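This report describes selected parts of one structure, moving from a pair of turns to the wider fold. The sequence and the model come before the text.

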Amino acid sequence: MRRGLPAAGVVLVLGPLVLLVLLVAPGDAPTRPARPGDSGRGGAGAGVAAASAASLVTVAPVISAVARDLLERAATAPSRLTYHGVQFVSAWTTGITTSRVLDIAHRAGGRTTLRADGTAESPAAAVTMTSSGSPSVLSLGAVGLLTMHFSLDVVGTAQVAGRTADVVAAKRPGSAGAGQPDAARFWVDRDTGLMLRREVYDDRGRTTRAGAFISLVVRDPSDSSTDPTDNADVPTDGAASVEQPWTASYDTAALTRMRQQGWTCPLTLPGPLTLVDARRSAAGIVHLSYSDGLAVVSVFEQRGDLDERGLADHRRTTIAEHRVWEQDGVPMRMVWTSGSTVFTVVADAPQRTVDQVVAALPHAPAPGGSVGGAVARVGRGLDRVASWFDPFG
Amino acid sequence: MSPHDHVGDRLSALVDGELSHRDRERALGHVAHCAPCRDLLESERVLKARLAGLIQPEPSARLLALLAGTAVPGIPLPPQARVRATTPVVPVLPPPGRGPRGGRPTGRGPSTFDGVRRPGGGPSRRSRRSIQRARYAAAGALSVAGLVLGTAFAAGGAGGTGAGTVVPPAAELSIEHDATTASLLLGDPGLVSVGPGLQGGTASPTALPTAASTPEASTRAP
């Protein structure tokens, strides 16, 4: 009888745990976010993602060597040039127009300071930006990312801020015929290679983003006494901030492990958009950056249940039969809960692309007070406790 | 059998007390008058006593321990005194009127192997201790399992920041989005967007994106 006591204790302890594992393992599927690439789970969004990826493969972009060289020169210009000037930038989304006049000061290979005067709708502000370094997932660079998705060609010359510029047009693959609108145009300074003007268009050729130098002064970067960012005055009626991206990054192997732990982290999204960079905040929020070279969509995944009381300035909307919280403006912002994860999408992209991205991401029902929800919660807790002892977690 | 018949082959049964009451009375009445039969009866008794005095084989201590371990709770163990008896067992003649056919157990109440009734009739002290230990072990196991499941339940409901419910930090997410946008697109930060950190759409008058800024709802322009 004495020998039977330890055995009975072990059975009583391990029995419920084994039973829980057996219950949670198959039951984890409803709370595990569906991946856009999974067939039959992502609904229409997954189909769109697959179709977009297929179209990316079947129709290859046509790249002009001269256009590529011009853009490569423009991509390296901020690392070579010190300059300051004034830019006029605008963005158009559904029913909303945003315009700002910016004083910009840049130091070669260093920081960039932007300053905006106050307007009737927004206060004055100044921000200093530092480089975020190389992307952690896809290190093709801005030009490499652009040539993956768009055809490039030189379409002429123009004058911008009194300087001569070569104009490079980007077209969607398969739309190179006459009458097809450009996806974007770039004005590259013939003298310095600096990007002087940039415009992005939607499928119908309407401008959605535009930015251009009104005035520009390029300085000698070897002259340390002429750092324009030192003279970036902070508006008295506003505030200044320094923007630095989160430092913890994920590579491809780390993303694979994260998917095994229930994070979504799709490699592609409708657009088509490609996962370029992945980072994590100190609070555990995962930031996935997707881009095609013209649009940028940030997907933030955060563990927890959404407290909708904190979204007073958002409005309810329905996208592809999914209820989300939306905040209009530039960039667009969508928030919703899927299972035990809160998704936030911040997008500088066409409205249709944003809707496709939102539809492609998971929208699982939130775990409630049911038995299944409690079991799933215990399963998540066991995973989380196990991750505390995971050196790779 | 007449009183004048010798006991003969019934002598052994007489010594063992296996005769019926009537035959035993007749045999004893004959022995009282017959010297040869009386001598034979005495010799038979001595022989039986000597046979009973021989050493009996005893079970080993390990066998006794195994038997004790397999005992079912609630059923008393066989008395060790009986198993380990070393004193010779001398058969005695049953008293008159208490022969094997007349002395039957009543069968009432809990019986034991040795036919001795115990007060209360419950399990032995040793079995009660075993049951108590099993209860303690079960309670301890259930406590540990409850602690593990409770911890998992609490940890499973917590968000990444340690809270069950979360509100996405709008200002922090905007800064993070802007910072990565500028590095992914061609052009400087001003050209690629409407000024990272300076967005101010008519429907989204985002305030200054400082690290300590509050959500947009509290900073909306009038």
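## A strand between two hairpins

In this predicted model, β19(A) and β20(A) form a hairpin with 2 residues between them. Gly339(A), in the turn, has a positive phi of about 65°. The two strands run antiparallel and are joined by 7 bridges, with β20 covering residues 341-348 of chain A. Trp336(A) stands opposite Phe343(A) in β20(A).

β19(A) also forms a hairpin with β18(A), and here 4 residues lie between the strands. Gly329(A) in that turn has a positive phi of about 130°. β18 covers residues 322-327 of chain A, and its pairing with β19(A) is antiparallel over 3 bridges. Within this pairing, Glu326(A) has Met334(A) in β19(A) as its bridge partner.

## Burial of the strand

How many of the 7 residues of strand β19 in chain A are buried? The count is 7 of 7 for residues 332-338, so the strand is largely enclosed by the rest of the structure. Met332(A), Met334(A), Trp336(A) and Ser338(A) point one way from β19(A), while Arg333(A), Val335(A) and Thr337(A) point the other way. Residues on both sides are buried.

## Helices, covered and uncovered

Helix α6 of chain A, residues 351-360, has 8 of its 10 residues buried, so this helix is largely enclosed by the rest of the structure. Among the buried ones are Thr353(A), Asp355(A), Gln356(A) and Val357(A).

Helix α3 of chain B, residues 35-52, is 18 residues in length. From its first C-alpha to its last it reaches 26 Å, close to the 26 Å expected at 1.5 Å a residue. α3(B) is hardly covered, with a count of 1 buried residue among its 18.

## Two helices packed together

In chain A, helix α3 (residues 65-80) and helix α4 (residues 141-149) pack at an angle of about 145°. Their axes are 8 Å apart. From α3(A), the residues that meet α4(A) are Arg68(A), Leu71(A), Glu72(A) and Ala75(A). On the α4(A) side they are Gly141(A), Ala142(A), Val143(A), Leu146(A) and Thr147(A). By class, the contact has 5 nonpolar, 2 polar and 2 charged residues.

## The nonpolar cores

The largest nonpolar core has 90 residues. Those with the most contacts inside this core include Leu71(A), Phe186(A), Val297(A), Val345(A) and Val357(A). Its largest share, 7 residues, comes from helix α7 (residues 170-184) of chain B. Another core, of 7 residues, lies apart from it, and Val7(B), Val15(B), Leu19(B) and Ala27(B) are among its members.

Which residues is Val297(A) in contact with, leaving aside its neighbours within four places in sequence? They are Leu269(A), Leu273(A), Tyr290(A), Val345(A), Ala347(A), Ala349(A) and Val357(A).

## An exposed position

Ser215(A) is in strand β9 of chain A, which covers residues 207-219. Is Ser215(A) buried or exposed? Ser215(A) is exposed, because 11 other C-beta atoms lie within 10 Å and a residue with 12 or fewer counts as exposed.

Not counting residues up to four places away in sequence, Ser215(A) touches Gly85(A), Val86(A) and Ala161(A). Ser215(A) and Phe88(A) are 127 residues apart along the chain, and their C-alpha atoms are separated by 9.8 Å.

## Chain A as a whole

Chain A has 7 helices and 20 strands. Of its 393 residues, 45% are buried. Among contacts in chain A with a separation of 6 or more, 62% join residues 24 or more positions apart.

Terms used. Residues numbered from 1 in each chain as written. Chains lettered and ligands numbered in written order. Predicted model: local features only at pLDDT ≥ 70, side-chain atom pairs only at ≥ 80, totals over all residues. Core = buried A, V, L, I, M, F, W, Y, C linked by C-beta atoms within 7 Å. Buried ≥ 20, exposed ≤ 12 C-beta atoms within 10 Å, placed from the backbone. Contact = placed C-beta atoms within 7 Å. Axes fitted to C-alpha atoms, helices over the stretch in contact; angles between N-to-C directions. Nonpolar A, V, L, I, M, F, W, Y, C, P; charged D, E, K, R; others polar. Expected span 1.5 Å × (residues − 1). Pairing = 2+ DSSP bridges.
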